[in-house]
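User: I have a model open and want to go through it with you. Can we take it piece by piece?

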Amino acid sequence: MSAAPRVKDALKFEIEVTRGPHIGLRLEFKKGSATIGRGPENDIVLSGDPRVSRQHAEIKQRGNEFVVVNLSSKNFILLDGENVQSEVIKKDSVIQIGETEIRVMSDVFNEAPAAAPSAKSNSPFTPVVAPVFTPPQPKPQVPPATMSSNSQMPAFQQPGMPPVMPNPSMPPSMPQGGMGYGGYQAPPASGPVRSAGAGGGSLLQNPRARFYGIIAIVGLVAWFFLSGGGNKANKDPNAIRTSVISLQDVADAEKRTQELMNLKKDKYDSVQYRRAQENFIRGFRDFQQGQYARAREAFQVVLNLDPDNELAKRYYNLSKIKFDEFVKFNMIQGNRYREKRNWRMCQSNYSNVMTMLQNRKDDPTFKEAKQYYEECSLNVETGRF
């Protein structure tokens, strides 16, 4: 029984960013794992990619291989173009997180797989294969030829040989029931024999008559199906119609198209539509600059003017998600600086939270940020750094 492969303690690997805002970044890790995200607490920091979560993914060792795990509940990761949650990383695999593509390199990808055990035995003894027993086949019993006393054996047939069977296509020269070639005795006829006339035999024995009979049957079946089975009332509604009906349908279609175009033109020329477009452009610009609160307000105006604008609905929800993430990030950073007694930095982060929430005193997050802000400000004033 072969021993199980030994699992290494920690495999070394490297990463290289091949696409995105951080293209060209190369890092090496010897601890067997690395976290990826926008936050500074990660091993691989992608702060320039707005589509990356604060803690987005992790590359970790599992036995003698590496897996990539999605840590974000809102954003996804792609491995070789497929959306995955936890998948093994193979050689030349590409991980896409947001707009960033990462390639993982390790010596474990270059190790050849263990060779399969050979099926050939190392025993010095040669296996003996039992022969397959084949029973002897009995020889066919040939009945002796029955010949009359005055018949003579053909010149090509020797004594002790089986009788030579005649060619069935050749008519026997003997009368019905008499002897044929080589002692062959024709069986007696079970019924009257039809003589071959000008048609060359009976209907079943004449290939030409059989061929024309098949053609006639096929023609009758085809005529039955093409004629609708004899039912003229069941007419196909999709059948080809006259040119007058087709022209009428075209005219109706053109009329409906013109009405739709007029409705669309009235909508696009309205003041309400122009205001919605202006607010959408303003909101999209704020979204790209990270001003998620202002972007959400602009998209809300667009939805008030045009409730069916699917793109505005999508970016409104994205702005809300990004705004909540930014508030949470500043709270986490403020708590971290507060634990390290860096009062100026924690004061700045808590002030950002209060500004983003716009002094909403009923919000629990606003109350917590205000309390810690006052604490950090008091320590700054007393000179405790």
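User: Is Asn 330 buried or exposed?
Analyst: Asn 330 is buried, with a relative accessible area of 3%. Buried means under 20% relative accessible area, exposed over 50%, and partly exposed in between, with a 1.4 Å probe and protein chains only. This is a predicted model, where local features need pLDDT of at least 70 and side-chain atom pairs count only at pLDDT 80 or more, while totals for chains, interfaces and linings use all residues. Residues are numbered from 1 along each chain as its sequence is written, and side-chain values use heavy atoms, with hydrogens and water left out.

User: Where does Asn 330 lie, and what is it in contact with?
Analyst: Asn 330 lies in helix 5. Helices (H or I, at least four residues) and strands (E, at least two) are DSSP runs, numbered from the N terminus. Leaving aside neighbours within four places in sequence, Asn 330 is in contact with Asn 349, Asn 352, Val 353 and Met 356. Contact means heavy atoms within 4.5 Å.

User: And Asn 349, buried or exposed?
Analyst: Asn 349 counts as buried because its relative accessibility is 8%. Its place is in helix 6. Not counting residues up to four places away in sequence, Asn 349 touches Asn 330, Gln 333, Gly 334 and Tyr 337.

User: Which residues touch the most other members in the largest nonpolar core?
Analyst: Of its 27 residues, those are Phe 323, Val 327, Tyr 350, Val 353, Leu 357 and Ala 369. A nonpolar core is a set of buried Ala, Val, Leu, Ile, Met, Phe, Trp, Tyr and Cys residues joined through side-chain atoms within 4.5 Å. Helix 3 (271-288), helix 4 (292-305), helix 5 (310-339), helix 6 (343-356) and helix 7 (364-381) each supply at least two residues of this core. The largest share, 7 residues, comes from helix 4.

User: What else is there apart from that core?
Analyst: Another core, of 24 residues, lies apart from it, with Val 17, Ile 36, Ile 59 and Val 68 among them.

User: What does Val 327 touch?
Analyst: Val 353, Met 356, Leu 357 and Thr 365, not counting residues up to four places away in sequence.

User: What about Arg 62, which strand is it in?
Analyst: Arg 62 is found in strand 5 (residues 57-62). At 45% relative accessibility, Arg 62 counts as partly exposed. Leaving aside neighbours within four places in sequence, Arg 62 is in contact with Val 67 and Val 88.

User: Last one: what is the average pLDDT?
Analyst: The protein averages a pLDDT of 75, and 65% of the residues score at least 70. pLDDT is the predictor's confidence in each residue, from 0 to 100.
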